[in-house]
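These are my notebook entries on one chain, taken in the order in which I looked things up.

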Amino acid sequence: MPHTPSPINKPNTILCRYCEIALKGANRSMFERALVENILRSLGGRVQVEPVRVRGRLWLHSKQGTFSNKELRILKQRLAKVYGLASFSPGISVAPEMEEIERAALELAAAPLMSLLKEHDSPSFRIRTRRADKQFPLKSKDVEIRLASAISEQLDPRQQLRVNLENADFTLGCEIRRDKAFLFLDSFSAPGGLPAGSNASCLALLSGGIDSPVACAMLMKRGCRVDFITFHSHPYTPPRSVGKVRDVAKTLNSLQPPGKLFICNLAEIQKLIRDTCSPRYRTILYRRFMFRIAEAIAKRNGNQALATGEAVGQVASQTIANLAVINAATDVLVLRPLTGLDKEEIIKIAKTIDTFDISIEQVPDSCTVFAPKSPATTSKLKKIEAEEAKLDLESLLTKTIENTWNSAEKPRTAFRDDTRRKHYENNHR
Ligand code: ATP
Ligand code: MG
């Protein structure tokens, strides 16, 4: 019997899977709510979806009935970056009844199978069923047999299709739940982890380099919401030093409930250090003051930890000895998610979160302006404290902290798409 198309020949639902949230006990619904909020924010109203939470899964039903190709493109692009999501599949959801399931399977399989049959002499296929609703009258195997026969009879008049359960050219997925049955062809991977904003917030020291944005993204993936603090040295650094960090913060804010950006002018403190202390220890001293300022802002802003893009051994200020001395400037927990990564691994992540292109723009950084020629690779806390004792900057520090607190910028987000990346690349060759 020839197959007659029905109105549901386009995806009407996205099935979202998550793994780590599923392990959560009593807090689970809080994590799920954060995930839904993040998904809706990432879609920015460009795709109208109705989210429905079911055990261990999330449905995103189209509010318009079905998703257009443009909407599917946006969904694939945005959902692939939502922390907490493990994978997702666009497909057709129907009432959990066998006739409906069969009809949807034929609708979904028709076009791709047709082109497969044109390209191959005897392509292989398989049906994969997951029966979450154990009350459903047919067992998974029976559902698979029934769908496979319907597909062979109706879509394969020349009997070319072979079943191959291990390695098929074509796989049709079927998931049966109490409220809906769902048929799909593809699964796309998402970053996993926990939904950004489901854990406590931290304040990240965000520079114009490649590393610190990656550190922020890694913490967002562990559920933190991240606020940012950046240090510049105006008038010794150009306005673009801050502009660049602003662009990075906007891009990072597309991955989380947006965080604030605090902007601190460190120039006066740096000049005092340059004029008073041993040049070898300058970078360590700058960093200790960065930490002190960041700690004061974090406490006032309600952030429970600081975060940096430091990695053990990367540069002189990041030897274990120097990290320990820098760390001693603060009592707050300092998270360093890049500790064990090498630069190539960091760059790979920077590219996936769209900050790499911004970070590689060459702009003088606060720390490089007054950087010593040969920084110390080891320092002793006593020595550094003696250097600091030479400084009289209590009131300068208080003023700097106050100015930084008042510099907070309203969170903004940016969704970098290919058009914007091309524009950037054309202008920065
Ligand atoms: P790069 O990719 O060049 O290593 P970076 O920002 O990591 O960039 P580092 O000198 O390695 O530069 O700095 C270590 C960490 O110190 C940064 O990851 C960041 O957390 C913090 N930091 C350094 N400079 C600044 C700054 N100007 N403003 C805010 N944080 C800074
Ligand atoms: Mg670095």
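Entry 1. The model is a predicted one, and I read every value below as computed from it.

I then looked up D354, which sits in the loop between α10 and α11 (356-359). D354 has a relative accessibility of 11%, so I recorded this residue as buried. Its phi is positive, about 65°, although D354 is not a glycine. I noted this because most residues other than glycine have a negative phi.

I looked up Q159 next. Q159 also has a positive phi, here about 55°, and is not a glycine. I located Q159 in the loop between α4 (140-155) and β6. Is Q159 buried or exposed? With a relative accessibility of 57%, Q159 counts as exposed.

**Entry 2. A cis peptide bond.** Which residues does the cis peptide bond join? I found it between H234 and P235, with omega at about 5°. P235 belongs to the loop between β11 (225-232) and α6. I kept the entry because most peptide bonds are trans.

**Entry 3. The chain as a whole.** I counted 15 helices and 14 strands in the chain. The C-alpha trace spans about 90 × 50 × 35 Å along its principal axes. Of the 429 residues, 52% are buried. I also checked how far along the sequence the contacts reach: among those between residues at least 6 apart, 81% join residues at least 24 apart.

**Entry 4. Q256.** I turned to the loop between α6 (239-253) and β12 (261-265), where Q256 lies. Q256 has 0% relative accessibility and therefore counts as buried. What does the side chain of Q256 reach at 2.7 Å? I found the backbone nitrogen of V226 at that distance. The Q256 side chain also makes a polar contact with the side chain of N253, at 2.9 Å. Leaving aside residues up to four places away in sequence, I listed the residues that Q256 touches as R41, A196, M220, C224, R225, V226 and F228.

**Entry 5. α5 against α10.** I compared helix α5 (residues 211-221) with helix α10 (residues 343-352): their axes come within 9 Å and cross at roughly 70°. The two helices are therefore roughly perpendicular, and α5 passes α10 in a left-handed crossing. I listed the contact as D211, V214 and M218 from α5 with K343, I346, I349 and A350 from α10.

**Entry 6. α8 against α9.** For helix α8 (residues 282-301) and helix α9 (residues 320-327), I noted axes that come within 9 Å and a crossing of roughly 40°. I therefore described α8 and α9 as oblique to each other. The crossing is right-handed. I284, R287, R288 and F291 of α8 make the contact with N322, V325, I326 and N327 of α9. I classed these as four nonpolar, two polar and two charged residues.

**Entry 7. α7 against α14.** I found E268, I269 and L272 in α7 meeting L396, L397 and T400 in α14. I divided the residues of this contact into four nonpolar, one polar and one charged.

**Entry 8. Two pairs separated in sequence.** A414 is in the loop between α14 (394-405) and α15 (418-427). Its relative accessible area is 9%, so I marked A414 as buried. A414 and L252 are 162 residues apart in sequence, and I read 8.1 Å between them in space.

E166 is in the loop between β6 (162-163) and β7 (170-176). I marked E166 as exposed because its relative accessibility is 69%. From E166 to A389 the separation is 223 residues in sequence and 70 Å in space.

Definitions and conventions: Residues numbered from 1 in each chain as written. Chains lettered and ligands numbered in written order. Predicted model: local features only at pLDDT ≥ 70, side-chain atom pairs only at ≥ 80, totals over all residues. Heavy atoms only, no water. Helix = DSSP H or I, 4+ residues; strand = E, 2+ residues; numbered from the N terminus. Buried < 20%, exposed > 50% of the residue type's maximum accessible area, 1.4 Å probe, protein only. Polar contact = N/O pair within 3.5 Å; in protein donor to acceptor, adjacent residues only side chain to side chain. Contact = heavy atoms within 4.5 Å. Axes fitted to C-alpha atoms, helices over the stretch in contact; angles between N-to-C directions. Parallel < 35°, antiparallel > 145°, perpendicular 65-115°, else oblique. Left-handed = near helix turned anticlockwise from the far one by under 90°. Nonpolar A, V, L, I, M, F, W, Y, C, P; charged D, E, K, R; others polar.
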